[in-house]
Amino acid sequence: MVHCSCALFRKYGNFIDNLRLFAKGGSGGMGYPRLGGEGGKGGDVWVVAHKKMTLKQLKDKYPQKRFVAGEGANSRVSALQGSKGKDCEIPVPVGISVTDENGKIIGELNKEEDRILLAEGGIGGKFLTNFLPLKGQKRIIHLDLKLIADVGLVGFPNAGKSSLLSQISHAKPAIADYAFTTLKPELGKIMYNDFKQISVADLPGLIEGAHMNRGMGHKFLKHIERTRQLLFVVDISGFQLSSQTQYRTAFETIILLTKELELYNEELQKKPALLAVNKMDLPDAQNKFHELMNQLQNPKDFLHLVEKQMIPERNMEFQHIIPISAITGEGIEELKNCIRKSLDEHANQENDAHFKKQLLNLRVSNTISYSKPPSKHVVTSSRKNII
């Protein structure tokens, strides 16, 4: 049973990444005092992950976002035990984080068919409740989508992330010669000759102060939390958001991007990272690239170029640095190969770590089982075993 009330949501164009909804478990059924019959339990409200679902589809299908489960059946002479009320299942996309009204995380849905109980149904009338049913649980719930992708593109506006995504995948993001052309997350897939696929997320560009929610701030940063790897994209000629803001060289851009990630969530710096130095088709790009490589190899000698408060405590360590041109296609194939190589290496490391952990747990389990004394109830002498 689905009823419908107003919803709050955040969106980029037609892309919605946050919904607020009301969930109520069904009331229990009436008991039957004369014969001691118990009413049925009210139905529960669940959120269930589906791969082909989006929050926009959910909003369009249930525009008022009020979900109520069925009531438990009353006890009666022909059925003293009332049947349970019908559960209500809310279809949501994979990658949803579920929080309550106070921001406490209830759970996350990271793969298809994952489910979380939102509101439990009330118990039916029974002897302990004087055969009167209880009402179902009521809750205000927030659904927050964090995209799940293999690679997340990190860069300031106009670094060429959208152009790069269109080069390495079949995605067709908006591309123009001005900042903030990407107003909503774009997902693309790199297709390899052996049919291997790697998902890439192009997200709205960062600006200085994104960790304080400036620009698209948290709307961008929250989406890269679930990516397996980061791909920094910087303009070799540097970056300047507007005539009122300071010009930043490519080296300063990398330092500032690293600081924004650090201030938002230090864990992001632990992700494997690659660096794509874009726009190598521009004049004098080669000389600037050699200068950048020298700065990255000896960062401490050049940190004086950046304000002290914007210097990160830990610099990013890039597994690969690839000069590219998203316009001419220079370096694109090498970049695709490096992305795959890096992901494969990381996956192998994770598998090795998982295997070692399982082996350690097995050894600990065997040690504990061997050290247990014989049971007092078992006779182990030459007499007959008696338990």
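Strand β12 gives the most to the lining of the largest pocket, contributing four residues. The model is predicted, and the largest pocket in it holds about 610 Å³ of space.

**Largest pocket**

- The lining of the largest pocket is made up of 25 residues, and those closest to the pocket centre are K51, V94, L147, I148 and L187.
- Two or more lining residues come from each of β3 (15-24), α1 (55-61) and β12 (186-191).
- By residue class, the lining of the largest pocket has eleven nonpolar, seven polar and seven charged residues.

**Helix α5: length**

- Helix α5 spans residues 285-297, which makes 13 residues.
- From the first C-alpha of α5 to the last is 18 Å, close to the 18 Å expected at 1.5 Å a residue.

- The residues of α5 that are buried, with under 20% relative accessible area, are A285, F289, L292 and Q295.
- These buried residues line one face of α5, because they fall within an arc of 120° when the helix is seen down its axis.
- The cover over the buried residues of α5 includes the helix α4 (250-264) and the strands β15 (273-278) and β16 (318-323).
- On the face of α5 turned away from the buried side sit the exposed residues N287, H290 and Q297.

Methods:
Residues are numbered from 1 along each chain as its sequence is written. This is a predicted model: local features need pLDDT of at least 70, side-chain atom pairs count only at pLDDT 80 or more; totals for chains, interfaces and linings use all residues. Side-chain values use heavy atoms; hydrogens and water are left out. The expected span of a helix is 1.5 Å times one less than its number of residues. Buried means under 20% relative accessible area, exposed over 50%, partly exposed in between (1.4 Å probe, protein chains only). The arc is that of the directions from the helix axis to the C-beta atoms. Contact means heavy atoms within 4.5 Å. On a 1 Å grid over the protein atoms alone, a cavity is a set of points where a 1.4 Å probe fits but cannot get out, and a pocket is an open set with protein on both sides within 12 Å along at least five of seven lines; lining residues have an atom within 4 Å of a point. Grid points are joined across faces, edges and corners, and a volume is the space filled by probe spheres set on the points. Ala, Val, Leu, Ile, Met, Phe, Trp, Tyr, Cys and Pro count as nonpolar, Asp, Glu, Lys and Arg as charged, and the others, Gly among them, as polar.
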